[in-house]
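This briefing goes through one protein chain, topic by topic. Please keep the sequence and the structure in view while reading.

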Amino acid sequence: MAVVTIVMGSKSDYETVLPAYEILRKLGVDAEMKVMSAHRTPDEVAEFAKNAAAGKAAHLAGFIAAHTVLPVIGLPVKSSTLDGLDSLLSVVQMPNGVPVATVAINGAQNAGILAAQMLAMSDAALAKRLVAHRE
C-alpha cells in the first residue's frame with residue numbers, strides 16, 4: 001500500500017484530484033488514487049479506513065476520519081449548484097474528536113503538499129525537497 005492514498009467518491013472527480021497525486025509524486029512520495037463511495041460501498045470504505053487513511057470531498061473525508069486515527073485531509077470539490085460551499089461546509093463541520101484537515105475548494109495541490117508536510121515531520125529528505133519546491 002502506498003504511503004498516501006487519495007480517495008475520490010467517483011471517477012468524475014479524477015481531474016480535480018489529480019494535482020494532489022502529481023505533486024506528491026514530484027516530491028517523491030509514494031501515492032495512489034482510489035475511487036470509493038461512502039454511499040454505494042460504505043463497508044468497503046470503512047474497512048479501507050480502518051487499515052489506511054486519506055480523504056477527499058465532503059462526507060467521504062469525514063466518513064474515513066470516523067474510522068481511523070490517521071490524518072485525513074478533506075478536499076472540497078466545486079459543485080455546479082453552490083460552487084463547492086456545500087462541500088467545504090461538510091468538511092469543516094466535523095464534530096470534536098473527529099478532525100479533518102481542510103484545504104481550499106478544488107485545492108488539490110495544497111492537499112498533496114499538506115500531506116507531504118505531515119510526512120516530512122519524520123523524513124528529513126522529504127523536508128528538503130519541500131523547501132526546494134517552495135523556492
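A nonpolar core is a set of buried Ala, Val, Leu, Ile, Met, Phe, Trp, Tyr and Cys residues joined through side-chain atoms within 4.5 Å. Buried means under 20% relative accessible area. The model discussed here is predicted. Its largest nonpolar core has 21 residues, and a second, separate core has 14.

**The nonpolar cores**

- In the largest core, the residues that touch the most other members are V4, L24, L27, V29, A116, L126 and L130.
- Strand 1 (4-8), helix 1, helix 5 and helix 6 (124-134) each supply at least two residues of this core.
- Helix 5 gives the most, with six residues.
- L24 has contacts with V4, I6, V29, A31, G112, A115 and A116, when residues up to four places away in sequence are not counted.

**Helix 1 against helix 5**

- Two packed helices are described by the angle between their axes and the distance between the axes.
- For helix 1 (residues 14-26) and helix 5 (residues 108-120), the angle is about 35 degrees and the axes are 7 Å apart.
- The crossing of these two helices, helix 1 and helix 5, is right-handed.
- On the helix 1 side, the contact is made by T16, V17, P19, A20, I23 and L24.
- On the helix 5 side, the contact is made by A108, Q109, G112, I113, A115 and A116.
- Sorted by class, the contact of helix 1 with helix 5 has nine nonpolar residues, three polar ones and no charged ones.

**Q109 in helix 5**

- Q109 belongs to helix 5.
- Is Q109 buried or partly exposed? Q109 counts as partly exposed, because its relative accessibility is 42%.
- Setting aside neighbours within four places in sequence, Q109 touches P19, A20 and I23.
- Between Q109 and E135 there are 26 places in sequence and 16 Å in space, C-alpha to C-alpha.

**The salt bridge**

- Side chains of opposite charge can pair when their charged atoms come close.
- How many salt bridges are counted in the model? The count is one.
- The salt bridge joins the side chains of D30 and R25, at 3.7 Å from N to O.
- D30 is partly exposed, with a relative accessible area of 38%.
- R25 is also partly exposed, at 41% relative accessibility.

**Positive phi angles in loops**

- Most residues other than glycine have a negative phi.
- D83 is not a glycine, but has a positive phi of about 55 degrees.
- D83 sits in the loop between strand 3 (73-74) and helix 4 (85-92), and is partly exposed with a relative accessible area of 49%.
- N106 is not a glycine either, and has a positive phi of about 60 degrees.
- N106 sits in the loop between strand 4 (101-102) and helix 5, and is partly exposed with a relative accessible area of 36%.

**L75, a buried loop residue**

- Where is L75 found? L75 is in the loop between strand 3 and helix 4.
- L75 counts as buried because its relative accessibility is 2%, and the cut-off for buried is under 20%.
- L75 and V4 are 71 residues apart along the chain, and their C-alpha atoms are separated by 14 Å.

Technical notes. Residues numbered from 1 in each chain as written. Predicted model: local features only at pLDDT ≥ 70, side-chain atom pairs only at ≥ 80, totals over all residues. Heavy atoms only, no water. Salt bridge = Lys/Arg side-chain N within 4 Å of Asp/Glu carboxyl O. Buried < 20%, exposed > 50% of the residue type's maximum accessible area, 1.4 Å probe, protein only. Axes fitted to C-alpha atoms, helices over the stretch in contact; angles between N-to-C directions. Helix = DSSP H or I, 4+ residues; strand = E, 2+ residues; numbered from the N terminus. Left-handed = near helix turned anticlockwise from the far one by under 90°. Contact = heavy atoms within 4.5 Å. Nonpolar A, V, L, I, M, F, W, Y, C, P; charged D, E, K, R; others polar.
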